[in-house]
Amino acid sequence: MIKMTTITFKGRLIDIDGNILTNYKVSIWYIDHNPLIPERELGTTLTDFQGDFKFSYETDSNETFFNNDSDKIKVDIIFLDEKIFKSTFTSNFKSEIIDFGIIEVKGPNRGVKGRILDENGKPLEDLVVVAEGTGKTEATIM
């Protein structure tokens with residue numbers, strides 16, 4: 001008979017200003033000690049209106065992970081289908097509840113602010129500014 005164990009992963013997402021991150025996708029991966037073995041996705045969920053996430057993973061006695069004192073778990077944060085942040089945790093993940101606590105997401109800039117000035121420092125009117133590449137390094141101003 002195979003013994004099943006349920007492990008619950010939970011935590012809360014905030015940004016660097018302490019704002020709650022709602023409806024962000026959280027994906028959790030097991031990273032094997034052997035670099036030739038690919039990462040294994042344990043599950044994916046969305047944060048709720050409080051920025052909290054929680055999901056459970058069922059493991060059985062035949063699985064070879066969560067057997068070391070220095071297992072690694074990677075947490076990916078995705079917003080609008082773009083991975084904006086990742087963090088790796090190393091610990092003994094043998095308990096039934098793994099609480100990551102508060103994860104401060106230090107993602108790329110999500111806004112554009114400013115004024116368009118001419119060469120003399122006077123504001124220009126009726127211009128359209130287009131920023132492309134949401135969160136990536138490339139940007140265009142027209």
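This is a predicted model: local features need pLDDT of at least 70, side-chain atom pairs count only at pLDDT 80 or more; totals for chains, interfaces and linings use all residues.
Residues are numbered from 1 along each chain as its sequence is written, and side-chain values use heavy atoms, leaving out hydrogens and water.

On confidence, the average pLDDT (the predictor's confidence in each residue, from 0 to 100) is 81, and 80% of the residues score at least 70. Residues 135-142 fall below 50, and that stretch has 17 contacts in the model beyond near neighbours in sequence. Contact means heavy atoms within 4.5 Å.

As for the fold, there are 0 helices and 7 strands. Both are DSSP runs numbered from the N terminus: H or I over at least four residues for helices, E over at least two for strands. Of contacts between residues at least 6 apart in sequence, 58% join residues at least 24 apart. Of the 142 residues, 29% count as buried, where buried means under 20% relative accessible area, exposed over 50%, and partly exposed in between (1.4 Å probe, protein chains only).

Now for the inside. The largest nonpolar core holds 22 residues, and Phe 9, Leu 13, Ile 28, Ile 73, Val 75, Ile 77 and Phe 100 have the most contacts inside it. Such a core is a set of buried Ala, Val, Leu, Ile, Met, Phe, Trp, Tyr and Cys residues joined through side-chain atoms within 4.5 Å. At least two core residues come from each of β1 (4-15), β2 (25-31), β4 (52-60), β5 (71-79), β6 (82-91) and β7 (97-105), and β7 gives the most, with 4 residues. Setting aside neighbours within four places in sequence, Val 75 touches Val 26, Ser 27, Ile 28, Phe 85, Lys 86, Ser 87, Phe 89, Phe 100 and Ile 103.

The whole structure has 5 aromatic pairs; rings of Phe, Tyr and Trp (its six-membered ring) pair if their centres lie within 6.5 Å, with planes under 30 degrees apart stacked, over 60 edge-to-face and the rest tilted. Phe 89 and Phe 100 make a tilted pair, 4.6 Å centre to centre with 50 degrees between the planes. Phe 89 sits in strand β6 and Phe 100 in strand β7, 11 residues apart. Phe 100 is buried because its relative accessible area is 10%, whereas Phe 89, at 22%, counts as partly exposed. Ring pairs link Phe 9, Phe 53, Phe 55, Phe 89 and Phe 100 into a cluster.

Some loop residues are out in the open:

| Residue | Relative accessibility |
|---|---|
| Phe 49 | 65%, exposed |
| Leu 80 | 71%, exposed |
| Asp 81 | 79%, exposed |

Phe 49 is in the loop between β3 (40-46) and β4. Beyond neighbours within four places in sequence, Phe 49 contacts Ile 20 and Thr 22. Phe 49 and Thr 22 are 27 residues apart in sequence, yet 5.2 Å apart C-alpha to C-alpha.

Most residues other than glycine have a negative phi. Leu 80, however, has a positive phi of about 50 degrees, and phi of Asp 81 is near 65 degrees.
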